[in-house]
Amino acid sequence: MKFSPDKSLLGLRSFNRNRLETILSHARSLKQLYADNTHTRSLQGKTVLTLFFEPSTRTRVSFETAIKRLGGSSVGISMETSSVKKGETLFDTVKNLDAMGFDAIVVRHRNAGVPHFIDRILDVPVINAGDGFNEHPSQGLLDIFTMQEQRGTVENRNVLILGDILHSRVARSNIWALLQLGAKVFVAGPPTLIPANIADLGVTVVHDIDDVIPQMDFINVLRIQYERQDLGYFPTIREYRDQFGLTQERLKDAKPELCILHPGPINRGIEIDSAVADGPNNVILNQVTNGVIVRMAILDLLLAPK
Amino acid sequence: MITETIAVINGRLVDPVRGTEEVTNLLINSNGIVTGMGYLPDDDDDTSTVIDVKGRFIIPNITDSHCSLREPGHEDKETFLSASDAAVAGGITALIATPDTHPIVDTPEMVSFIHARRRAAGIVPIYPMGALSKGINGLELAELRLMHEAGAVGFTDGNSLEHTGLMRHALQYSADLDRPIIVTPDDPLLSQNGVMNEGYYSTILGLRGIPAESEELRISRDIELVERFGGVVHFFPVSTAQSVELVRRAKVRGLAITCGTAPHYLYFDESAVDGYLTHFKVTPPLRSAADRQALIEGIKDGTIDTIASHHQPHTIDGKRTDFVEADPGISGIDTLVCTTLTKLVRDEGLSISQVSRLISSNPLAIYRIKRPGIALMKRPSFTVIDMKNEFTLESSQFKSKGLNSPFIGRQFTGKSLMTVIEGRIRFIDPILKPSSVIDPEHTPR
């Protein structure tokens, strides 16, 4: 039941509806099995390398938990302990690690295209855990898994992705998969953080979020990084929050069943207020729980003996 | 090496300046001097070698006018010798070298060093450009006049000067030297850390974009400076439609502005970056399909004056990494001639003389380099080119140390079969079998 002839999971851009549904339905059955306390040990005897060139807490722990729950073992290295700083090329780093004989590599890197490069030079499956602002496919899948779990389907639902779209791999993975699954996707953020030609992907660019919030079924709130204001993308956090911060006040006309997602880590009081992040519409911790399940599904489909 | 008198017969001699072609014969004596044109030697002439190039074109003085030769400083990437081998095998008879070596060519001593080094190696002529500012620091003018006297053919810091005031002074100061300032237009504060063209593809690939405006604004600025303060500017390479339009209008205004581009901008657009293959990482970046088409239009109407390889050879490590980290640039000396002729003559239907101008007479005119044409009593430099057969470009054919080329594996025509420099055969393809027998049936008298 491999989801493609591809050996790796690099991004969702190339995924059609069928391939997306294969993973999502596999995740649903794994979640049910897990609820029934039935465990699959499909990664028994396999070792997965989690190679994080960029700091991460939840994604790395989520992957490592998924690997362990499937009976596999993981070895993790992060940039701080790597030999990258010693001047070794990425090619050599990856080739040396590969020579130790891992069954798959989960990789995060600040540059878009690094997983693609590793995929080209290695024979083992490569799972993209976030490359620059290109894609974060497991996050996209867990977001949609959570949306489907909450509302049955994303088809014809309205999804607003809010914040720094330009620098967001979460936004791109969400957009590709949501569009394939028939959702209506809206993006909003300061004009400087809306990437060129984004409308050509099939999304609607929103300038005033107060106009559209009442129609939304889901709002995926992206993290705003402080350093963006230093680079002149917007003047101050205060001004950002005034226009795009998700406050209780802004949600007064929202649908009662609106779900609010956030990939974390949250900047409370900046892109989202605590009252909203902890409020009745939030599914943020469901995302985290589902993250492990969705990553189990990905690993199982890519690595389990068939 | 053939040192006796040779007769190159039945070639279609292209005159890029006059735009003509004629079938003729060339007699070149043992001193490399043309002693006869158009007629066949009598039986009692001392011709000892006859090379029949029937159906092939002879183009004089093909020059690659923008090469980073890496020597001195990065001999692991290229040397004068390897670049020269690539040039002659690729049909190029002279190279114009950028000053971005280590040390930088920013003094008359360095200019003289390159001339001496080239003469000692006995290789293809190399014409150095000098740096515009000391150490390419963008703050103080280098010794332009002394470098000019030592033989620098133009001045460049590579990217356009950040400091508008210094650019003004450079133009004023160099105006009476009558040598071009070569500008690769880019505003680093606009292009930031971009690695590809800004647009749909940068958005879907999650790569930082370089807007077309970062090139066009600098072209606009420097055109205005030339109009106000004089001087001569050659923009290389231009990559966008608006850049071509700006130069077109500057030429209408009669300004001393020229521009050139490189073959890869005529073949590929930004969509080539999809897949993150590092051979497609170049600066300026591959632009949109419409920009690519505008460059071809600019060549057709004469706005674009030159095509040069923008040769930037790298070791394997420079490209064997991810797209963001990879070194930008293409190794292009080996492929300048065949890629240019294939695209513009075979695909776009331009005449071979019009295309020849872009790689021979125009760069020589822009850099004020005087080289003899194919004429009696001169030592000629020319290339014999086959436009009939197609070949697949293999990396094993490269003589450059840099194998960073997106053209490898593609089909081309316009193969160079013989390269003659200053009357000496420097390269000859085995397909041209020199013989001592002339068949009068196939020879015009």
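The legends below accompany close-up views of a predicted model.

In this predicted model, local features are given only at pLDDT of at least 70 and side-chain atom pairs only at pLDDT 80 or more, while totals for chains, interfaces and linings use all residues. Residues are numbered from 1 along each chain as its sequence is written, chains are lettered from A in the order in which they are written, and side-chain values use heavy atoms, without hydrogens and water.

**View 1. The fold of chain A.** Chain A contains 11 helices and 9 strands, where helices (H or I, at least four residues) and strands (E, at least two) are DSSP runs numbered from the N terminus. Its radius of gyration, taken over C-alpha atoms, is 19 Å, close to the 19 Å given by the globule rule for 306 residues (2.2 Å times the number of residues to the power 0.38), so chain A is as compact as a globular protein of that length. Of the 306 residues of chain A, 59% are buried, that is, under 20% relative accessible area with a 1.4 Å probe and protein chains only. Among the contacts of chain A with a separation of 6 or more, 74% join residues 24 or more positions apart, a contact being heavy atoms within 4.5 Å.

**View 2. The two domains of chain B.** Chain B is divided into domain 1 (6-58 + 378-442) and domain 2 (63-366), with bounds from an automatic or database domain assignment. Where they meet, domain 1 of chain B contributes 39 residues to the contact and domain 2 of chain B contributes 47 residues. The C-alpha centres of these two domains of chain B lie 28 Å apart.

View 3. The bond from Gly264(A) to Pro265(A) is cis, with omega near -10 degrees, and Pro265(A) lies in the loop between strand E9 (259-261) and helix H10 (274-277) of chain A. In chain B, the bond from Thr283(B) to Pro284(B) is likewise cis, with omega near -10 degrees, and Pro284(B) belongs to the loop between helix H9 (263-267) and helix H10 (289-300).

View 4. Most residues other than glycine have a negative phi. His310(B), however, has a positive phi of about 55 degrees; this residue sits in the loop between strand E14 (306-307) and helix H11 (316-319) of chain B and is buried at 6% relative accessibility. Glu422(B) has a positive phi near 50 degrees in the loop between strand E18 (415-421) and strand E19 (424-428) of chain B, and at 36% relative accessibility Glu422(B) counts as partly exposed, a class that lies between the buried limit of 20% and the exposed limit of 50%.
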